[in-house]
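Reader: I want to learn how to read strands, cores and pockets from coordinates. Can we work through an example?

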Amino acid sequence: MSKYVECSPEVKTALEEGKPVVALESTIITHGMPYPENIETAKKVEEIIKERGVVPATIALMDGKIKVGLTAEELEMLAKADDVVKVSRRDIASVLAEKLYGATTVAATMICAEAAGIKVFVTGGIGGVHRNGETTMDISADLQELSKTNVAVICAGAKSILDIGLTLEYLETYGVPVIGYKTNEFPAFYTRESGFETGLSADSAKKIAEAMRIKWELNLQGGIVVGNPVPQEDALSKEWIDQLITESLEAAEQEGIRGKDTTPFLLDRLKEVSQGSTLKTNIALVENNAKVGADIAAAYYKN
C-alpha cells in the first residue's frame, strides 16, 4: 500500500481479515449537497452499509494523505469547509503536495479505493459525456478511469444533465461492462428511465459479484458500472426533470459556466427551481445505492 494512503483502524482491520468494505466518495459532501443535508446523508449512508455487516470507507485527501475511512470529526470538517478542492486523477499529487483538503470524484475515489485494496464503490451517479461533447470534448475523467481501474461502481446511472447515449457509447468503446441491477434500462439519476438499454443485467448481488470476480481473474482490466435505478416512489417525472435540465443548461451557458464547475452549478440550480425535489431524490438514490453496494461487497468478499 502506498505511503500516502492512510486507512482508518476499522478499514485496515477489515481489509487484512478479508472482510467486505465499500468505498464512498467525498464530493457528494462538499460539492453535491448543501449543509446540513450533506453531513446527514454521509452519516446515514455509512449507517446503512454497517447495518448490512459491511465496513464503509469514505475517502478524502487531508493533510498530505489519502484518508480511507474518515472519523466523525473529519466528516464534519469536510461538510462545513468552503475551500475543499474537487479532486480527479490529475489533481491528486498536487493536492497531497500542498496538503490541501481534497474531495474525491468518482475517478479519484476509484484510484484511492484500488490503492487501498477496496473493490466496491458506491456513489450517486457517474460523470460522462456532456451534451455537445462531440464538439466541446467535455468528457468526464470518470469514463477513462472506468476503463483501467479495477473497481465496481454502484450508481443510479449517469446524471441526466449529460448525454447518456454518448456516455454509454464511450464506455462500450473502452470495454467497460454496464450492468443494470434488476433492469435492462440504464437509469438517469433522478429518473428510472433514460431510453437506453444497458446491454447486460443481473437480478442479484451475487451474480454481479461473480461477474466482478471472473472479469478480474481473466485479467480484463478496468471497472464495472452497476446501474441501480432510484426507487419508484422517489423518482421524478422524466419530462419534468428534462425540461428543468434544459433550462439550467441554458442558464449555465449564459453565465459562462464550463468544465468541472458545470455539475455543481446545475445541481444547485435544479434544487432551487425544483423547490428541493431533486435534492430529496438525490439523497434517496444514494441511500438505495448503499444498500445494493453493501450487498454486492458482502457477496464478493464471501468467497
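Reader: In which sense do β2 and strand β7 pair, and over how many bridges?

Author: Keep in mind that this is a predicted model. Look at the bridges between the strands. β2 and β7 (residues 120-122) pair in the parallel sense, over three bridges.

Reader: How many bridges join β2 to strand β3?

Author: Four, and these strands run parallel. β3 spans residues 55-62. There, V55 stands opposite V21.

Reader: Which way do the β2 side chains point, and are they buried or exposed?

Author: Under 20% relative accessible area counts as buried. In β2 (residues 21-24), V21 and A23 point one way, V22 and L24 the other, and all are buried.

Reader: Which residues touch the most other members of the largest nonpolar core?

Author: V68, I126, L146, M212, V225 and I296, out of 103 residues. Helix α13 (residues 277-302) gives the most to this core, with twelve residues.

Reader: How much space lies in the second largest pocket?

Author: About 350 Å³. Of its 13 lining residues, R131, N132, D138, E253 and I257 are the closest to the centre. Helix α11 (residues 238-254) gives the most to this lining, with three residues.

Methods:
Residues are numbered from 1 along each chain as its sequence is written. This is a predicted model: local features need pLDDT of at least 70, side-chain atom pairs count only at pLDDT 80 or more; totals for chains, interfaces and linings use all residues. Side-chain values use heavy atoms; hydrogens and water are left out. Buried means under 20% relative accessible area, exposed over 50%, partly exposed in between (1.4 Å probe, protein chains only). Helices (H or I, at least four residues) and strands (E, at least two) are DSSP runs, numbered from the N terminus. Two strands pair if DSSP finds at least two bridges between them. A nonpolar core is a set of buried Ala, Val, Leu, Ile, Met, Phe, Trp, Tyr and Cys residues joined through side-chain atoms within 4.5 Å. On a 1 Å grid over the protein atoms alone, a cavity is a set of points where a 1.4 Å probe fits but cannot get out, and a pocket is an open set with protein on both sides within 12 Å along at least five of seven lines; lining residues have an atom within 4 Å of a point. Grid points are joined across faces, edges and corners, and a volume is the space filled by probe spheres set on the points.
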